[in-house]
Every structure is written in structure tokens, then in C-alpha cells.
Amino acid sequence: MVLKFIGNNFKTFILCSVVIIGCSFFSAQLSDFTSVEKPVYIHRNTKQLISVLDKSIQLADSIITEKQFNQLKSNYFIARRHYKHIECIMEYTSPFDVKYFINGPLVKKSDLEIGNRIVDPHGFQVIEEQLFGVDSLDSKLLLTELQFLKESFKTFEKKLSDINISDAQIIEAIQFELIRMSSLTLSGYDATFTQTNSSECASVFEGLRVMLNDIKIKYPINLYPSEIHQQLISKIKLAEDYCLLHKEYESFNRLIFITQYIKPVYKLMVKLHRSDLFPFTPVNYAIQLNNEHLFEKENYNLNYFSVKAIDTIGNTAQAKLGELLFFDPILSGNNQRACASCHKPDLAFTDGLQKGLSYERKNNLDRNSPSLLNTIFQKHFFNDGRARQLEQQANDVLHNQKEMNSSIDEMIYRLNKSDEYQNLFKNSYKGTADTLISYYGILKAITEYEKTLISMNSRFDKYIKGDYKQLTKQEINGYNVFSGKALCGSCHFFPLFNGLVPPIYSDTEYEVIGVPEEINSKIIDKDIGRMLISKSYIHQYAFKTPTIRNSSLTAPYMHNGIYKTLEEVIDFYNKGGGQGIGINIAHQTLPFDSLQLTKQEISNIKSFMLSLTDTSGLNKRPKKLPVFKDEKLNHRIIGGEY
């Protein structure tokens, strides 16, 4: 995600300066774990960072000559190297500070965690843009950002003195960093202008080697898993050397790097972590840190994505019940419309329409129907993110007058007219308070079914697992263009390829890309998107980043369904989104310069996207629906009439 943003909001700056002190997602947990000693290496790099920033501040606080400007650039690379050495620890202990003040993307932010405030971008990426990405330097902004960044690291330095971080937590931080490199660093999420991403990965590996060796020397040789450690250090050095040997951003082979370097290192990290010396922290992370199958289905903790994490009794039976409810029109106001009316299994649970038909059959729905495959891997639902749990999403659809047009009392009343449904609820919720048909039971059953709709066995996934015959050279090149030159991967994050940000998977990205109301139009679509929910002007025309998995089956595309082919979608992005085609939209988050992709590169991207198709085992429908006492209700059509 890139935006050429120049400006300075001093009120926000002062506000952020107050917020930064002590803000951390994990800080409350860190004191729960003992530490052998303070991480000296982290302290040392932090001090060196502050020292480099001090020198840069002195240079920027004067008339900047060409020589000073070049020195500022040199200092920037030195600071980045020190930062990458300790990035894993900073992200682990101070993710809020990193996101808003140190290494966040170049867009204004307004999230629930900061209330209604709008925060300007701060930190490395603003400084990088000033030094490498603009024609005219804003020296005042540069100085302000350098001073602010220095204070951010001084805050972190103080935090290091106040917290305990165990060796087990350092290992976990390293595991997260390996994911971060694969999903963010190599996709242009940072180092956007310098494109030194592979060199920065090498700096990360350099830091990891030192941290792991510092851990090793603390333990008696007869207790420490020395053989695993030696293998690990060797693999990390190989990965580091690969990055230094292949510094060209656009030609860097990301899939070779991920499969042959990152994954072997991660596997050994898991083995090291499983040692009795390094217990796993009792945190409900999205990633199962004790599972070595990185970027595979098994590596994800489904309970993290579910608001009902502890209500797991009978989930399998509830999912089977939910499948029946999903395809049964009995939940609609007229017994003719089902969830499957707009989410058809053979179309990756979309409907193939620009906008679906509304309940009364006279008009269309407001937006294109999204796929439900991998819907479990989300934290916000609907294109505008108005629902924060699957149960809420299902509730909204069932009550929506344009969709299912039903009510709680109607649904429970009708279902109770079926002995078969009564028995299904009784058996599915045995041992709970919901053995009688309840609205909670209806919603939970539907969401448990939706959670089973996981699509992670495509040819691309099989390649990631080690079957290197699955992808052609064109598809591999397509992924490299997708995550490199085209910057698609900076919004559609590997490997889920949606907008949920790895490796913590708590933030959902919303992008303003400037979709027109009609193809070839220069008028933006009137739907204001996320702004309906957040009421923030920066979210006007912003929509949740959808997954590109199964895009071969989910046409037409965009929230308003105006593009019928993937070629049209790629062409829109290649031209620079809305601004690139002549729409005046001041806060577009998409790069509005042309990507200058060649025909071959466009073809390669499409080939890669097609390799993400997987509906294996997901096309089935119930063979029959439960019987009702009222014979009129026994003529329901599986999946609905329309």
C-alpha cells in the first residue's frame, strides 16, 4: 500500500506524542514471564539507532546541502539496518507504536483502537519518501519526523528497562518475523521507494543469528538442543546469503525464498521452541506456533478467528445442521430464498451477478456478493466491515428486508414445526442450554458451517507445501510480479491474499482505489463504503480488501461488480486506479501512477491468480431438506428458488 503523501498535522503530532508513551498490545502480558537477563543486543541496537537519528537531526536542522542530503540518505540505510536487527522484538512488544509511529504505511489512519482520531503517517516510511520519493524536499517535515522517530525509540528504550521478555518470547517473536518477511517485507509494505527489501531481509537474518546465539550461551550445553541450534544458524546464514546475492527487488524469486529458505528456518524454530526450556506462551494467536507447517491450513488457529472460542461442544454436528439451514429457504420471509441463493457452491459461494436480486425481485442489492470461502480468516465482515463476527454477519442478512426479510420469532416458530429440525438441534447442542431451537443456535450452526468452507489446497498451496511441479514458470513469475512490481501483495497479503494483516491478523485493511460507477466512466461509484460505518472522511469510498483466491470463479469483480474479467481488473490497477483513469479522489490509497506492466507481466499475474483456485470438497449440497408437518413447506427448493 503506497500513497505519495506530503504534509504535517501538528495537532495530530502532539496527540500522537502523548499516545505513544506506554502503548503496547503485549506489554501487559510480558511481565508474566521470567527472563534470565535483559536482551543486551536489543539495547545496543536501540542506542545505535538513536545515535544515528541524532546525527540526522543535526544535519536536517540546517540548510541541507547536496553533501548533507547524501549523508542523510546514508544515515537512513544505517538506521534501517539497526531497526531490522530488532524489528521482531519491537513488533512483539510494541506493535501499536510500530504501526502508528515507527514503520506504518503512508496513509492516514483511523481505527477503533484510537477512537475517532485521524492520525497522519509517521516514521521511517515518511522519511523514506522525503529522501527518495519526492522531487521537492519538505525539510521541515523531515526534521519533525526524525525528531519524532528518535523519541519513539527512546520510549522503546525505556520500555526495555521496565519489562521482562523471556527467551521463549524472543523465539516466538522470531517466528512471527519470518512470516512478516514473507508476507509484508517482500511485498513492498515498507521500503517502497528504496526497494531494498531483500537487503533488509538479510539484516533481519543477521539480527536473528545474534539473538539466537545470545540465547544459547545462557544454558548448560547438556540441556540446550545444540544440534537443532547449529542447523538453525546454518539455515539462517544460507537465507541471509541468498538475500545478499539477489538484491534486485523486481526479479527476486519470492517463492524460492519462501519455500526453500523461510520454511526450513521456521521448521527448525518450531523444533527449538518445543524444547522444555522454551514453553509456549498461553496466548490465543492466529498462528499455531507449535505447528511447523507454515503457510498451510494446519498452521492457523481457527479459534482465534471465532468469537465463540470456548464454545466448542458439538461443533461438527452444529456445522452439519448449519449446512442444512444455509441451503434451506425456511429461514426467509417467503420460504423461497436461502443463504445459498447469493452464495452458490459452484461459483465459490458467490452468485455470478453484478449485484444480486433483492428479496422482492424488483431491484438489485446494493453490492456485489462476496465469496464465503475462507470467510473464517477475517475479523471484519461485509465490504464495509460493519460486522465484527460471523454471527453478526448472519444476523444482519437474515433480518435485511432486501435479502432474507425474516425475524427471530418467525424462524424459531417455523423450525419448531419440524420434528426433524427439533431432533437436529437437540443432538447438536446436547449438554448446552440450546437443545431447544434458539436464535443463538441458528446463528452458531450457520457460522460453524461457514467456518468449514476453507479453500487452501490449490495448486499454489501444493507448491508451497513442496510439490514444485504444481506451478509453471509463468505462474511463479506471476506471483513475483504480483508481490513485487505490481505491489498487489502489499494489500492482498500472502498466503490468505486478503486484507487481514499478517502475522498477528488483527488489523483489516480498507483501501480507497477509486472504482468508477461504470466501466470506462470517469465518475466514481456513489457508494461511500467504510465511511458509512466509521464516519471518517478518510474512509470515503474505502472498501475491505477481499481475497483473490478462487477469483477464476467469482466474476464480476469490485464492490459494484463492474468488471467482468480479470484482465479488466488488472488493467484498472495498472493505470493507477481511479486517479489513473481521470477520477479526482484526493485520498486514494492505491498508487495512482501507472504500474507500467507489460502484456506478459499482466498475463503472468492472471496465470498466478488462476493457480489459487480450489473448491475441492466444497461443491456439495444437501441431498434433501428436513421434513415438516405442514405439507406445503415440504416443496422447498434446496438452495432457494431465486
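Okay, let's start with the rings: this structure holds 50 aromatic pairs. Keep in mind that we're looking at a predicted model.

Take tyrosine 300 and phenylalanine 377. Their ring centres sit 5.1 Å apart with the planes at 50°, so we call that pair tilted. Now, where are they in the chain? Tyrosine 300 is in the loop between helix H11 (254–273) and helix H12 (315–327), while phenylalanine 377 is in the loop between helix H13 (339–342) and helix H14 (390–399), so the pair ties together parts 77 residues apart in sequence. And are they buried or exposed? Tyrosine 300 is buried, at 4% relative accessible area, and phenylalanine 377 is buried too, at 0%.

Next pair: tyrosine 479 and phenylalanine 494, also tilted, at 5.9 Å centre to centre and 55° between the planes. Here tyrosine 479 belongs to helix H19 (residues 473–483) and phenylalanine 494 to the loop between H19 and strand S1 (510–512), so this one ties together parts 15 residues apart in sequence. Tyrosine 479 is buried, with a relative accessible area of 1%, and phenylalanine 494 is buried with 1% as well. Both rings belong to a cluster linked by ring pairs, along with Phe295, Phe460, Phe482, Phe497 and Phe608.

Zooming out, the chain has 23 helices and 2 strands. For 642 residues you'd expect a compact globule to have a radius of gyration near 26 Å, and the chain agrees, with 26 Å. Of those residues, 59% count as buried. Looking at contacts with a separation of 6 or more, 70% are between residues 24 or more positions apart.

Last one, charges: 74 positive and 72 negative side chains, with the centres of the two sets 2 Å apart.

Definitions and conventions:
Residues are numbered from 1 along each chain as its sequence is written. This is a predicted model: local features need pLDDT of at least 70, side-chain atom pairs count only at pLDDT 80 or more; totals for chains, interfaces and linings use all residues. Side-chain values use heavy atoms; hydrogens and water are left out. Helices (H or I, at least four residues) and strands (E, at least two) are DSSP runs, numbered from the N terminus. The radius of gyration is taken over C-alpha atoms; the globule rule is 2.2 Å times the number of residues to the power 0.38. Buried means under 20% relative accessible area, exposed over 50%, partly exposed in between (1.4 Å probe, protein chains only). Contact means heavy atoms within 4.5 Å. Lys and Arg count as positive and Asp and Glu as negative; His and the chain ends are not counted. The place of a charge is taken as NZ of Lys, CZ of Arg, CG of Asp or CD of Glu. Rings of Phe, Tyr and Trp (its six-membered ring) pair if their centres lie within 6.5 Å; planes under 30 degrees apart count as stacked, over 60 as edge-to-face and the rest as tilted.
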